[in-house]
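Dear colleague,

Please find below the structure that I am handing over to you, together with its sequence. My findings follow directly after it.

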Amino acid sequence: MTMAGVALCAQALPAWAESSQCHRPVDRYQAIEHSLNETYRRAEETLERLPREDWSLATRQQAIGNEAEALFRWVRDETRWLPYQGALRGARGTLIDRQGSHLDRALLLGGMLDLAGHRVRIVRAILDERAVQLLEGAWLAPSPNGRALPQASLSADDYAQAARQLGEGEESLRRRVEAVDRQGQEMAARVGERSREQTARLHELLAANDKADDDALGDPSAALADHWWVQIQTAGGWQDLDPALAEHRPGQRLHEGEVEVMWVEEIAEDQWHRVSLEVVAERLESGRLRERTALLFESPAAQLAGRNVVLDIQPLGLPSPPTLLGGDGDFTPEQLPDLLRSREEWLPLLLIDGEPEIQHSILRNGELGDPEGGTGISEAFEEASSLLGEISVGGRADPAQEAPAPELSGVFLRLTVRAPGRKDEIFQRALMDVIDAGVRQRGVQGLAFNDAMIEARALAMLSTTELMAQTHWWPTSYTLARLLHGSLDNRMAALGAVHAVRRDDPGLMGSAIERLAPYPVELIALAHHRRARSPHAERIALTRVNLLSTFERLMLDDTGPARETGIDIIDNRVAVLPGEQDAWRVRLDQGVLDTVLEAELRGDNGAAVNASLDFALAGDAGDVWQLVTEPAQPGAFPVRSAVAIEQALERGYWVVMPTSSAGATTWWRVDPLTGDALGMGPDGRGQMVEQILVLMNSIDNAASAVSTVQAVWGCLLTGPSPGAMQCCILREGAMVAGNMALGKLSDQWVKIASSAIESKIYLAALDGVFGEINGTVVDGLMPDPC
């Protein structure tokens with residue numbers, strides 16, 4: 001289901017267009033606007049019914065009360081310690097997940113005590129061996145989290161009350177709940193069956209592994225010994241509140257020696273798990289590759305978790321989105337292809353919940369521009385009324401006049417994860433790279449840029465990356481609340497898209513798209529399903545940042561311009577709580593599930609590239625995959641995957657890949673020590689979909705100004721008539737707005753709502769509303785092909 005139907009073909013054209021190709025009566029728009037407003041009203045009502053105490057510190061504290069001992073008991077009894085040092089989750093993440101390190105649990109308790117009006121400080125000490133042994137015994141004991149996920153139980157009274165409040169019959173509501181359950185069960189069965197079958201095949205291939213080591217992730221004693229708790233000020237002085245042991249009471253603590261005390265804001269920066277995002281520009285100069293940092297942003301992981309993080313590469317020198325779509329006296333949309341190809345300056349734009357972070361632009365010669373230094377870029381952004389701004393079409397002076405020898409050859413996203421007690425870890429993804437991986441490996445001496453590389457660069461620089469730093473599991477109530485908030489944030493964009501089609505004005509469509517807020521629906525769904533669909537939901541935990549992303553970029557392949565999109569799990573390593581099944585197998589199972597979910601949650605049409613899909617097809621066909629544990633002779637691996645496979649083997653991973661490398665592009669990467677596994681694509685990414693961009697393809701882009709460019713680009717590639725292009729621009733622009741406002745939510749809602757415990761009837765009813773509004777839009781307003 002999509003919201004694509006808010007797009008209509010045109011009735012009256014601007015001066016640059018000759019004729020429109022279809023007509024629609026105006027009264028349909030009013031009906032759609034009414035349906036949208038009603039849908040948003042129901043969404044707001046449903047949001048109010050969700051249990052905010054599951055994710056809101058203030059609501060949870062109010063539910064417990066102001067008494068310090070009651071708050072202490074709740075944290076002691078309802079949360080569990082996990083073996084890592086420092087603050088990964090923060091107070092809110094620890095509340096959501098009900099587990100965390102010593103410091104995270106102290107932050108949660110301290111945060112609620114502060115809300116209750118108590119004066120709180122944080123205490124730290126390094127425990128002696130006796131205290132560590134006590135904690136280790138508690139760690140190995142059963143815990144509140146060591147149980148299966150609960151199930152909903154609905155009574156006749158529940159249905160009767162909901163029917164009165166919703167104005168709908170009880171039997172109708174029962175059917176809605178049954179439909180939601182059925183669809184959720186079908187998804188769980190589909191994902192579960194594929195995961196179990198593929199894990200069994202992988203385990204058989206890996207059966208000879210004698211390197212498996214459940215202690216490979218390190219001794220937890222350091223995390224046990226690095227102990228944190230809180231103190232509150234009472235009439236008699238500072239009182240300890242240490243939730244480390246189930247038998248602890250206020251005033252008791254594990255450590256009796258010297259302690260370090262501090263206010264929360266005085267906790268050292270290096271005690272927080274941190275993520276840095278770096279955009280690196282690489283240039284080819286005199287046979288060597290050199291790097292410059294165009295953007296660097298660092299944040300505690302706990303502050304990034306749950307926030308919408310989007311990285312766009314913006315081509316400078318483009319008109320604003322309304323002009324881009326509607327044209328003006330100096331610009332018509334037909335000019336866009338040549339305009340994109342001729343760009344010589346781009347700006348990495350990082351959006352954190354819609355707030356921009358801008359540092360340097362990137363020039364075609366690999367040098368950096370400086371918006372902070374009063375250059376034309378800075379002035380343009382200060383005067384801009386949108387993210388793209390109102391930068392003139394002409395852009396900067398042509399750098400070719402300076403005849404620079406260097407050329408921009410690549411732009412990379414480099415992610416660095418820092419955690420107390422661990423070495424820094426670096427992950428890298430190419431945002432644009434015009435140098436073949438094999439050429440990079442052999443060396444770039446003598447490599448010269450050509451026209452094809454320049455065009456490929458211009459296309460690839462139109463990219464969007466969504467990123468999620470997952471520090472905790474996402475329970476159903478929290479996930480649904482995030483989905484509803486995102487949809488409500490985009491209501492004005494959806495209504496604006498309807499208005500643009502009513503007015504037959506592509507410029508208004510550009511204005512509607514500008515209002516879109518980042519909304520990573522697939523990543524939200526993935527963060528939820530990773531635990532909700534896991535066969536080991538009660539055993540897996542996060543003790544490090546997991547990095548999830550989606551990517552979207554244009555590229556040149558053998559047939560011309562193509563669009564490549566996908567979900568890319570960058571790091572999915574999990575910890576395993578004490579239990580019967582060995583931790584190595586639990587991690588292998590989880591890695592296969594994560595890869596299956598990458599394919600399940602991305603619904604684009606096109607040629608899907610995913611290891612679980614290829615592995616399943618191979619199994620059905622009786623094709624054999626092989627285990628590779630050592631680097632091989634050149635030519636032994638598939639051309640597109642060779643470099644990534646060789647790098648994985650050099651780092652100590654094992655690889656499972658097709659025996660016949662002809663045409664193969666996907667493979668499994670497995671850590672032989674820990675069992676951590678992940679399906680990989682040609683360049684070391686996860687699942688992807690490749691599409692050839694032709695006129696009227698469905699282009700569902702990320703919410704950014706770049707989406708406008710990508711959508712319109714698809715409308716122009718085949719050189720349509722002005723009337724057809726007008727229709728296409730309206731249609732594709734509306735699909736961007738509609739999908740971000742409701743369509744993507746509708747696609748994922750039922751799969752998540754089926755796991756709900758509370759307010760399930762209302763959630764199921766809202767799914768029905770989503771289905772009805774989408775059906776009305778598609779059936780009533782979707783145009784014939786332009």
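R283, E285, R290, R292 and E367 are joined in a network of salt bridges, a salt bridge being a side-chain nitrogen of Lys or Arg within 4 Å of a carboxyl oxygen of Asp or Glu. The structure holds 32 salt bridges. Please note that this is a predicted model, in which local features need pLDDT of at least 70 and side-chain atom pairs count only at pLDDT 80 or more, whereas totals for chains, interfaces and linings use all residues. Residues are numbered from 1 along each chain as its sequence is written, and side-chain values use heavy atoms, with hydrogens and water left out.

Three further salt bridges may be of interest. R41 pairs with E38, their closest N and O atoms being 2.4 Å apart. The two are separated by about one helical turn, because R41 and E38 are 3 residues apart in helix 1 (residues 27–49); helices (H or I, at least four residues) and strands (E, at least two) are DSSP runs, numbered from the N terminus. R41 is partly exposed at a relative accessible area of 35%, and E38 is partly exposed at 30%. In these terms, buried means under 20% relative accessible area, exposed over 50%, and partly exposed in between (1.4 Å probe, protein chains only).

R253 and D240 meet through their side chains in a salt bridge of 3.4 Å, N to O. This pair links distant parts of the chain, with R253 in the loop between strand 5 and strand 6 and D240 in strand 5, 13 residues apart. R253 is buried, with a relative accessible area of 18%, and D240 is buried, with 10%.

In the salt bridge between R457 and E407, the closest N and O atoms are 2.9 Å apart. Here too distant parts of the chain are linked: R457 lies in helix 15 (residues 451–460) and E407 in strand 14 (residues 407–418), 50 residues apart. R457 counts as buried at 3% relative accessibility, and E407 counts as buried at 12%.

R343 is buried yet has no salt bridge, and the nearest side chain of opposite charge, E344, is 7.8 Å away (Lys and Arg count as positive and Asp and Glu as negative; His and the chain ends are not counted). R343 is placed in the loop between helix 12 (336–341) and strand 10 (345–352). The side chain of R343 reaches the backbone oxygen of L316 at 3.0 Å.

I turn now to the overall composition. The protein has 25 helices and 26 strands, and 60% of its 786 residues count as buried. Of the contacts with a separation of 6 or more, 75% are between residues 24 or more positions apart, contact meaning heavy atoms within 4.5 Å.

Strand 3 (residues 120–126) and strand 4 (residues 226–234) are antiparallel over 7 bridges. Among the bridge partners in strand 4 are D226 for I126 and V230 for I122. Strand 4 and strand 5 form a hairpin with 2 residues between them and pair over 5 bridges. Strand 4 is mostly covered, as 7 of its 9 residues are buried.

Helix 4 (residues 90–97) is also mostly covered, with 7 of its 8 residues buried. These buried residues are G90, A91, G93, T94, L95, I96 and D97. The elements that they pack against are helix 2 (57–64), helix 3 (68–78), strand 2 (99–100), helix 5, helix 10 (301–304) and helix 16 (476–489). Just after helix 4, R98 takes a positive phi of about 60°.

Another open sheet of 4 strands has the order 22-23-24-25, again with antiparallel pairing. Strand 22 (625–628) and strand 25 (677–680) are its edge strands, each pairing on one side only. Strand 22 and strand 23 (residues 654–658) pair over 4 bridges, and V656 in strand 23 is the bridge partner of L627.

With kind regards

Methods. A polar contact is a pair of N or O atoms within 3.5 Å; within protein, one must be able to donate a hydrogen and the other to accept it, and residues adjacent in sequence count only if both atoms are side-chain atoms. Two strands pair if DSSP finds at least two bridges between them.
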